[in-house]
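Welcome! Here is a short briefing to read alongside the structure, sorted by topic.

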Amino acid sequence: MLNDQSLFLTQLVTLWAVLDPIGHLPLFIGVTTALDAREKRRAAVIAILIAFGILVFFALAGQLLLQAMGISLLSFQIAGGIILFLFAITMVLGETKHGTGPASSGQTVMDIAVYPLATPIIAGPGAMLTIVLLTDNNRFSMGHQAMTLAALVAVLAGMLAIFLLGSIVQRLIGTGGANVLRRTMGLILAALAVNLVLNALTGWLKLPPI
């Protein structure tokens with residue numbers, strides 16, 4: 001069993017890999033091209049707050065929704081691990097994301113902050129799935145779930161800082177640096193996804209822990 005520090009680090013790395021703050025920076029810049037500097041800052045703050053609310057909702061109610069639909073956590077963990085693995089492959093192989101073009105002049109800051117920034121760019125299906133898995137009531141205590149939410153706050157705070165310093169960060173790491181970092185995070189996420197599936201199969205088959 002992981003101690004508190006190891007668990008927090010694992011949750012932090014997992015959420016960082018899934019939310020991918022640096023990888024999402026070009027998307028943020030792309031959808032806010034029609035906004036001035038002040039509006040970009042407002043859009044970033046609002047989007048992060050809305051995304052946090054969405055992910056906290058899934059952390060608190062996601063498992064209850066699954067139970068209401070008769071889906072076991074082991075099934076969800078296996079399915080989630082497979083989906084996260086496929087998502088990680090797209091990160092490693094460099095698949096581009098579509099549907100996030102620049103904002104039109106008719107869109108308000110709130111419009112852009114809600115869609116596409118808050119969702120699906122930040123709080124996308126992968127992030128929702130991950131937060132449900134990381135707050136599984138059968139595997140994690142209330143204290144551990146609080147640590148997961150603390151890790152989420154830390155990652156979203158880092159994402160906000162990166163968005164606010166977008167032009168500087170982009171100049172520092174360049175396109176090549178962002179691509180290398182994204183592929184590295186994808187590889188880590190793939191390993192974590194495989195671990196999720198193996199742990200679920202271990203529990204289902206009543207095998208010794210891996």
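The mean position of the 10 positive charges of the protein and that of its 7 negative charges are 4 Å apart. Please keep in mind that this is a predicted model.

**Overall build**

- The C-alpha trace spans about 55 × 35 × 30 Å along its principal axes.
- Among contacts between residues at least 6 apart in sequence, 87% join residues that are at least 24 apart.

**Surface and interior**

- About 10,800 Å² of accessible surface belongs to the protein, and carbon and sulfur atoms account for 71% of that area.
- Buried residues make up 42% of the 210 in the protein.

**A helix on the inside**

- Helix α6 covers residues 125-134, and nine of its 10 residues are buried, so the rest of the structure largely encloses this helix.
- The buried residues of α6 are G126, A127, M128, L129, T130, I131, V132, L133 and L134.

**Aromatic pairs**

- A pair of aromatic rings is described by two things: the distance of the centres and the angle of the planes.
- How many aromatic pairs are there in this model? The count comes to two.
- One of them is formed by F28 and F163, whose rings are stacked, with 4.4 Å from centre to centre and 5 degrees between the planes.
- Because F28 sits in helix α2 (residues 25-31) and F163 in helix α7 (residues 142-164), this pair ties together parts that lie 135 residues apart in sequence.
- Both F28 and F163 are buried.
- F57 and F58 also pair: their ring centres are 5.7 Å apart and their planes stand at 90 degrees, so this pair is edge-to-face.
- Are F57 and F58 buried, or partly exposed? F57 has 46% relative accessibility and therefore counts as partly exposed. F58, at 23%, counts as partly exposed too, because buried means under 20%.

Notes. Residues are numbered from 1 along each chain as its sequence is written. This is a predicted model: local features need pLDDT of at least 70, side-chain atom pairs count only at pLDDT 80 or more; totals for chains, interfaces and linings use all residues. Side-chain values use heavy atoms; hydrogens and water are left out. Buried means under 20% relative accessible area, exposed over 50%, partly exposed in between (1.4 Å probe, protein chains only). Helices (H or I, at least four residues) and strands (E, at least two) are DSSP runs, numbered from the N terminus. Rings of Phe, Tyr and Trp (its six-membered ring) pair if their centres lie within 6.5 Å; planes under 30 degrees apart count as stacked, over 60 as edge-to-face and the rest as tilted. Contact means heavy atoms within 4.5 Å. Accessible areas come from the Shrake-Rupley method with a 1.4 Å probe; for residues, only the protein chains shown count as cover. Lys and Arg count as positive and Asp and Glu as negative; His and the chain ends are not counted. The place of a charge is taken as NZ of Lys, CZ of Arg, CG of Asp or CD of Glu.
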